[in-house]
Structures are given as structure tokens and as C-alpha cells.
Amino acid sequence: MLKKLHQCQWNKPPLHFPILSSLLFPKPSSSVSAAMLHHDHDHDHDQDHQLKTFAFGRFVGPAPRLYPPAELNRKISQFLLSHVLAGNRSFKDLHSLIYQIVQQEGSGSAPSICELLLNNFHGWDSNIVVWDMLAFAYSRFELVQDALFVLAKMKDLNLRASIQTYNSLLHNLRHTDIMWDVRNEIRDSGTPENEYTNSILIHGLCEQSRLQDAVSFLQISEGKDTGLSVVSFNTIMTRFCKLGYLDVAKSFFCMMLKCGLLPDSYSYNILIHGLCVAGSMEEALEFKNDMEKHGVEPDIVTYNILAKGFHLLGLMGGAWKVIQDMLLKGFNPDVVTYTILMCGHCQMGNIEEGLKLREEMLSRRFQLSIISYSVLLSCLCKSARFEEALILLYEMEALGLKPDVISYSILIHGLCKKGEVHRAILLYEEMCLRRICPNYFTHGAILLGICEKGNISEARKYFDNLITSDLVEDIVLYNIMMGGYVKLGNIAEAVQLYQKLTEKKITPSIVTFNTLIHGFCKSNKLEEAWRLLDTIKLHGLDPSVVTYTTLMNAYCEVGNIDGMLELLWEMEAKAVMPTRVTYTVVIKGLCKQWKLQESVKLLEDMRAKGLTPDQITYNTIIQCFCKARDLSKAFQLHDEMLLHNLEPSPVTYNVLINGLCVYGDLKDADKLLLSLEDQKVSLTKVAYTTIVKAHCAKGDVSRAIIFFHQMVEKGFKISIKDYSAVINRLCKRCLINEAKYFFCMMLSDGISPDQEICEVMLNAFHQQGDLYSVFELLAEMIKCGLLCD
DNA sequence: GTAGGGTTAG
């Protein structure tokens with residue numbers, strides 16, 4: 001009941017703040033959050049109880065609010081008009097007037113409105129129509145409590161509600177058991193059911209996952225006047241498709257025919273959708289032909305389903321063909337068609353094309369939906385283009401589209417993944433303030449963010465709170481937590497969590513295993529990783545492209561290129577499509593074997609397959625050409641990146657600078673760094689340390705000093721490792737004074753020397769016979785506690 | 001009253 005009620009739309013206070021506060025302020029005990037989550041439980045229980053009392057018509061509601069005289073008069077005249085309209089059977093106008101009243105009055109207004117009707121219109125002829133329309137309007141606005149209040153009053157007055165009103169209520173209460181109370185009321189009142197009533201009840205049973213009951217209900221409905229309908233069958237078929245039982249869904253399709261009912265476009269579309277989701281495009285297309293043969297014309301929904309099916313398989317070409325077919329049939333693409341296309345572009349990494357479609361839609365005066373925006377938001381976030389994403393969010397608002405829990409979760413997830421947990425939390429708070437209830441996606445995003453920050457104990461606290469609350473228990477949360485441990489190299493803890501989830505009978509997913517495989521590979525336990533492949537199969541799961549790519553990468557890292565290629569072949573034999581990560585790993589393997597031409601060829605193959613190489617792909621191959629001392633080819637690849645609108649990353653420049661330093665001309669490295677600075681290209685500290693180290697090694701200390709100071713000026717945090725790297729190299733070349741210069745700089749920077757750096761310097765001083773410096777350094781070491789005696 | 005497009009974890 002709890003979860004079902006969760007899906008209902010009534011307003012709730014933002015209950016999840018406590019979890020957040022425990023995240024922001026690590027101190028408070030975790031039980032506080034758990035207690036608050038249980039409060040959530042009670043809250044739902046109360047609401048359930050309240051509704052039940054309503055449903056039996058014994059509710060003593062809040063006192064009716066008192067209207068000021070002017071408002072009272074206005075309301076009375078509105079209802080006067082309502083009665084006149086009802087009397088004239090002007091139902092359309094009556095309908096809009098009552099809707100307007102309910103919209104004005106809002107939630108909780110039923111007691112006062114009822115009081116007003118009782119006081120002023122008691123016994124009027126058209127009373128029943130007005131009362132019924134009022135209950136109906138409340139129900140349509142999802143103000144269920146108000147609707148039930150009106151119905152209870154009607155019962156007192158012996159006014160029988162219409163089946164339309166009851167049906168609407170049934171629909172709103174389909175997630176709860178109260179649905180049956182309403183149904184009993186219908187029976188008691190003697191209101192005749194219509195053909196919709198049963199299908200709503202069946203829908204409710206389906207949504208409550210009581211599929212068996214739904215089927216029994218369908219069977220007992222057979223033969224009654226208002227019994228079997230195509231809609232009931234469609235509803236049940238939808239449910240079976242969603243559960244992946246396509247054969248069962250098909251058998252219901254046949255049963256429908258046997259019962260003499262003709263499948264409609266919904267029936268066909270439901271099955272075609274099920275087949276597409278299962279990846280059976282061929283059969284889906286057969287069904288479409290079948291549909292045409294039986295005189296049911298495929299509609300825009302059919303085409304969209306098929307296009308999405310191709311998209312799911314990564315076959316955008318097929319999707320395009322479907323859409324062209326659709327255009328030829330005279331259908332215009334609708335917002336769903338556009339969204340599928342946007343999604344296709346975005347997933348191929350072509351955000352710009354996706355954004356162009358948005359412009360096209362706007363210029364054609366198409367209203368983008370919240371879903372179209374989500375697609376774009378997700379894509380922008382994946383590329384860390386948060387500012388643009390936020391602009392889109394504001395654009396949505398300006399168009400009157402209120403971002404929902406998914407839009408927010410996308411942004412929160414994107415920010416967390418890039419380590420901007422603080423900004424993510426601000427959005428989380430904004431979302432709660434707007435009474436948008438976070439779901440496990442949102443919580444998962446925050447958990448991921450804490451893990452990314454490396455704050456594993458804090459993450460675990462958050463995780464434990466979530467899973468002990470019993471409200472959110474999901475394999476994804478386990479996967480994220482396990483991923484957090486693996487990232488820190490703590491495979492043991494990840495395995496423990498795996499055991500815990502098995503004990504709790506939670507079904508692991510392929511990601512669970514991929515995470516463990518990744519962990520074992522990282523700890524150089526390749527055999528254990530390999531063994532998990534069998535475990536995956538034992539669980540009836542198929543290794544995914546990530547499984548293969550992770551293992552391939554591990555083989556590549558240990559230099560077993562043949563092993564890597566074997567996995568690639570196995571993967572291809574199983575028709576698992578390689579991603580750009582897979583390609584990048586293979587390119588890395590080929591580079592290790594110095595198969596440069598082949599790796600360039602693979603880069604071209606990728607593009608031919610519609611996979612866009614990313615910075616990492618290029619960096620891998622550029623690095624290889626640098627090592628092969630083919631710097632001109634390395635730079636040519638860099639230019640190719642620009643040509644393809646792929647912005648080289650700071651790592652690209654580190655690779656190139658390192659290439660010039662080690663395998664080329666150091667002067668060119670200097671020039672490159674200076675020109676990048678001029679162009680305000682963003683660089684990391686590594687660019688500077690690389691060039692500084694190169695100058696130290698080659699003995700041009702003055703240039704090393706210049707670049708070192710530039711690095712400091714740029715605000716990079718200098719560590720003892722950076723000083724050691726420089727001092728080591730200087731000592732190696734016996735540049736003692738220069739080494740001392742950096743040593744002093746380090747001390748004045750507040751960094752204490754370590755044993756290793758001191759030994760290197762002592763060694764160099766001894767070699768030079770510079771005893772004075774030896775004593776000086778020994779004194780410094782005593783000061784730092786590095787020498788005990 | 002029934003069908004289609006969006007968010008996770010590696």
C-alpha cells in the first residue's frame with residue numbers, strides 16, 4: 001500500500017530533508033534520518049485512513065471556511081447559473097463553469113461548497129446534476145478527498161452519482177485498495193456500471209501488480225453486458241509486455257480474437273512496442289504489416305515505436321528509414337518523433353545536432369515537452385556543459401514547463417558525477433522546496449557524488465540510511481556503493497556488499513558484476529575477474545559490452561594483446577556492439593604493439609560505424625605517435641580533432657608537450673606552452689611539471705625556474721612530489737646550488753622535506769665534498785624530526 | 001479507461 005500511495009499525486013511535505021542534513025552535517029546520528037523516513041510511512045498511513053473514512057461517508061471534515069459576504073454572493077450567483085445551465089441541459093457550459101469554480105477554490109474547499117449548496121439550493125430540480133458535476137470536477141483535478149466529501153454528502157441527500165463520476169474516482173484511486181470501497185459504493189447505490197468501469201478496475205489491478213487477479217477479473221467479466229472490452233485486453237497485454245512476457249501478451253491477443261473482439265491500433269502498438277523493447281525488430285515489422293493487412297492503419301505512434309526500436313539497437317539508420325516511411329504516408333513528425341531523433345543524435349555524441357532539432361521545433365512553433373528537454377539536459381550534463389543546461393532549465397520554466405523529478409535528477413546526477421556535489425545539493429534543496437519529491441534516482445545521484453568525492457565513510461552512512469529506510473532498496477544503490485569502494489581499490493568491502501545483497505535476496509544486475517570485475521582487474525586479480533564471467537552466466541545474465549571492455553582493458557594493461565583480441569572476437573560473435581571505449585582499448589593495445597597504421601585505420605572504422613572518437617581515443621593514439629618520434633603525425637591528429645569539433649583536452653596538450661620534451665625539440669615544447677597560454681587554453685599542472693622536469697634534466701635551470709614560477713603564479717597547488725622531481729633531477733646533474741634554491745623555496749612554501757629528498761641531497765653534497773652543506777641540511781633534518789640523534 | 005519519447009551504477 002505504501003508504495004502504491006507513493007505514486008499518488010497528493011501533495012506531501014518535503015520529507016527527505018533529514019537525509020540531506022545528515023549529509024551536510026555529518027555529526028547528527030543516522031537514526032534521526034531513519035526515524036524521519038519512518039515518519040513518511042506513518043504519513044501515508046494517515047492519509048490512507050483518512051481516505052477510507054471518507055469513502056464510507058463518515059468523515060467529520062474540517063469546518064467549512066466562511067466566505068466574506070461579497071464572495072459568498074458571487075459564489076451563490078455562480079451556482080445559480082449552474083442550476084440554470086443544468087436545467088437547460090447546457091452541459092458543456094455547466095462543465096466549464098464548475099471546472100472554473102473548482103479550480104478557483106482548490107484543495108480542501110469541498111466542505112464550504114457543499115455547505116453553500118445545502119443552504120441555498122436544497123431541493124432544487126437540477127440539484128443532482130450540479131452535485132454530480134462538482135464531484136466529477138474535483139476528481140478530474142485529482143482532488144480526491146474533496147471528491148469523496150461531495151459524494152458522502154450526496155449519499156446523505158440520497159442523490160445518486162453518475163457512473164462517469166465514479167469511474168473517474170476509480171481511476172484516481174486505482175493504486176489503492178480504496179478502489180474496491182468505491183466499487184462497493186457503486187454496487188450499493190445501484191448506479192449501472194458502464195463498459196469503462198471494468199477496464200479501470202483491471203487497470204488498477206495491473207498497476208498494483210495483481211496480474212493474476214486482473215486476469216480472473218477479465219474471465220468473470222465475460223458474458224456480462226459491460227464485460228469484455230478491447231481496452232481491458234489491451235491493458236493486460238501492456239502489463240505482460242512490460243514484464244517481458246511477450247508470449248503471454250500474444251496469447252491474449254489471440255484470445256481477444258476468439259472472443260469476437262477486433263484488435264485496434266492500441267492492441268497492435270502494444271505488441272509492436274513489446275517486441276521493439278525486446279529487440280525483435282523483424283517480428284515487430286511483421287506485426288506492422290499484419291496490422292495493415294487487417295485494415296488497422298499504422299498511426300504515428302506505430303512509427304514512433306518502430307523508430308525508437310531501431311534507436312535502442314543503435315541502428316539510427318533504421319530509425320531514419322522508419323521516419324521517412326512515415327513522412328511518405330503523410331504523417332508529420334510530432335514531438336515524440338523529434339524527441340527520438342534528438343535522443344539518437346545526443347547518444348551518438350552530436351549534441352549540436354540535437355540542439356539544432358530544438359531550434360527547428362521552436363521555429364515550427366512546436367511546443368517542446370518536458371521529455372524533449374530532459375534528453376538535451378542529459379546530453380549537456382554528460383559533457384559537463386552545466387551552464388547551458390541551466391539556461392535550458394530556465395527556458396523550460398519560461399515556457400511554463402515545470403521541471404519534474406527526472407529533470408532535476410539529471411542535473412543533480414550530472415553535477416555529482418563531475419564532483420560538483422555542492423551545486424548538486426543546492427538543486428536538491430530547490431527541488432524539495434518546490435515539493436518535488438526526490439526518488440531513488442535522485443538519492444543515487446547524491447550517493448554517487450559523495451563516492452566521487454572519495455568520502456567513502458560518509459557515502460556509506462548515506463547508503464545505510466537509504467537501505468534501512470526500506471523505502472528505497474535498489475540494486476543500483478548497491479552498485480554505486482560497491483563502485484565507490486572499487487574506486488578506492490577496496491575490493492574486499494565491495495565483495496562484502498555483494499554478499500549482503502545476495503543474503504537480502506536482491507537480484508544482482510550485470511553492472512554489479514561489471515563493478516566487481518573492474519575491482520578485481522584493478523587489484524591485478526585477473527583470474528578472479530575471469531571467474532566472474534561464469535557467475536554472470538549462472539545468474540542468467542549476458543556479459544555486456546562493459547564486461548568485455550573492462551576485461552579487454554585489463555589484458556591490454558598486462559600486455560596480453562592476444563587475450564584482448566580473443567575477447568573482442570568473442571564479443572563480436574555474440575553480437576555485442578563495441579562502444580567507443582571498446583575501440584579506444586583496442587587502439588591502446590595496437591599501440592602497445594606499435595601497430596600504428598592499424599590503430600589509425602581503427603580510428604577511421606569507428607567514424608564509419610557512427611561512433612565518435614573522444615579525447616581519450618585521440619590522446620591514446622597521439623601518445624603512441626609521440627613515442628614513435630613521429631611528432632608531425634601526432635600534431636596532424638591534434639589538427640584532426642579540431643577539424644571534427646573535438647576540443648583537445650588538457651591531457652592532449654600534456655601528451656604533446658611531453659612528446660616534444662622527450663622525443664622532440666625542447667624549444668618547440670616551450671613555444672607550444674607559451675602559445676597555449678596566449679590562447680588562454682586551459683592547462684593542468686602536469687603541462688608545467690613536464691616542461692620544468694625536462695629543463696632540469698637537460699640542465700637549463702633558468703628556464704626551469706621561469707616555468708616553475710609560472711606554475712605557482714597560475715595558482716596550482718605545488719606538492720612535495722613536484723619539488724622532489726625537480727631536486728632529484730638537479731642533484732643527478734650535480735647542480736647543487738640550484739637544488740638548494742628549490743629546497744629553500746619548498747621550505748618557505750611551508751612544505752616539510754621527507755627522508756627521501758634529504759638523502760638525495762646529502763648524497764649529492766657528499767659527492768661534491770660540500771661538507772658545510774651536509775651539516776646545514778642535517779641541522780634542518782633534526783628540526784623536522786627526520787633525524788633522531 | 002488502453003499504446004509511443006526522458007534520468008541511474010561500470
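Visitor: Of the atoms of DNA strand B within 4 Å of the protein, what percentage belong to sugar or phosphate, and where do the rest belong?

Guide: Bear in mind that this is a predicted model. Sugar or phosphate accounts for 36% of the atoms of DNA strand B within 4 Å of the protein. The rest belong to bases.

Start with the protein side. DNA strand B is surrounded by 51 residues. The closest are Asn234, Asn304, Lys308, Ser374 and Asn514. By class, this surface has 23 polar, 21 nonpolar and 7 charged residues.

Next, the bases themselves. An N or O atom in the side chain of Asn479 is 2.9 Å from a base nitrogen of DNA strand B. For the side chain of Thr339, the corresponding distance to a base nitrogen is 3.0 Å.

The domain assignment of chain A gives domain 1 (231-331), domain 2 (333-400) and domain 3 (735-789). Asn234, Asn304 and Lys308 fall within the bounds of domain 1, and Ser374 falls within those of domain 2. Thr339 also falls within domain 2.

The centres of the two domains, taken over C-alpha atoms, are 27 Å apart. Contact involves 11 residues of domain 1 and 10 residues of domain 2. The two domains bury about 900 Å² between them, and carbon and sulfur atoms give 76% of that area. Three residues, Asn304, His311 and Met316, supply 49% of what domain 1 buries against domain 2, more than any other three.

On the side of domain 1, the elements that give two or more residues are α17 (300-312) and α18 (316-328). That side has 8 nonpolar, 2 polar and 1 charged residues.

Salt bridges do occur elsewhere. The whole structure has 34. One of them joins the side chains of Lys155 and Glu185, at 3.8 Å from N to O. Lys155 lies in helix α8 (residues 144-156) and Glu185 in helix α10 (residues 178-189), so this pair ties together parts that are 30 residues apart in sequence.

Notes
Residues are numbered from 1 along each chain as its sequence is written. Chains are lettered from A and ligands numbered from 1 in the order in which they are written. This is a predicted model: local features need pLDDT of at least 70, side-chain atom pairs count only at pLDDT 80 or more; totals for chains, interfaces and linings use all residues. Side-chain values use heavy atoms; hydrogens and water are left out. Domain bounds come from an automatic or database domain assignment. Contact means heavy atoms within 4.5 Å. Buried area is the accessible area (1.4 Å probe) that two parts lose on being put together, summed over both. Helices (H or I, at least four residues) and strands (E, at least two) are DSSP runs, numbered from the N terminus. Ala, Val, Leu, Ile, Met, Phe, Trp, Tyr, Cys and Pro count as nonpolar, Asp, Glu, Lys and Arg as charged, and the others, Gly among them, as polar. A residue is near a molecule or strand if one of its heavy atoms lies within 4 Å of it. A polar contact is a pair of N or O atoms within 3.5 Å; within protein, one must be able to donate a hydrogen and the other to accept it, and residues adjacent in sequence count only if both atoms are side-chain atoms. A salt bridge is a side-chain nitrogen of Lys or Arg within 4 Å of a carboxyl oxygen of Asp or Glu.
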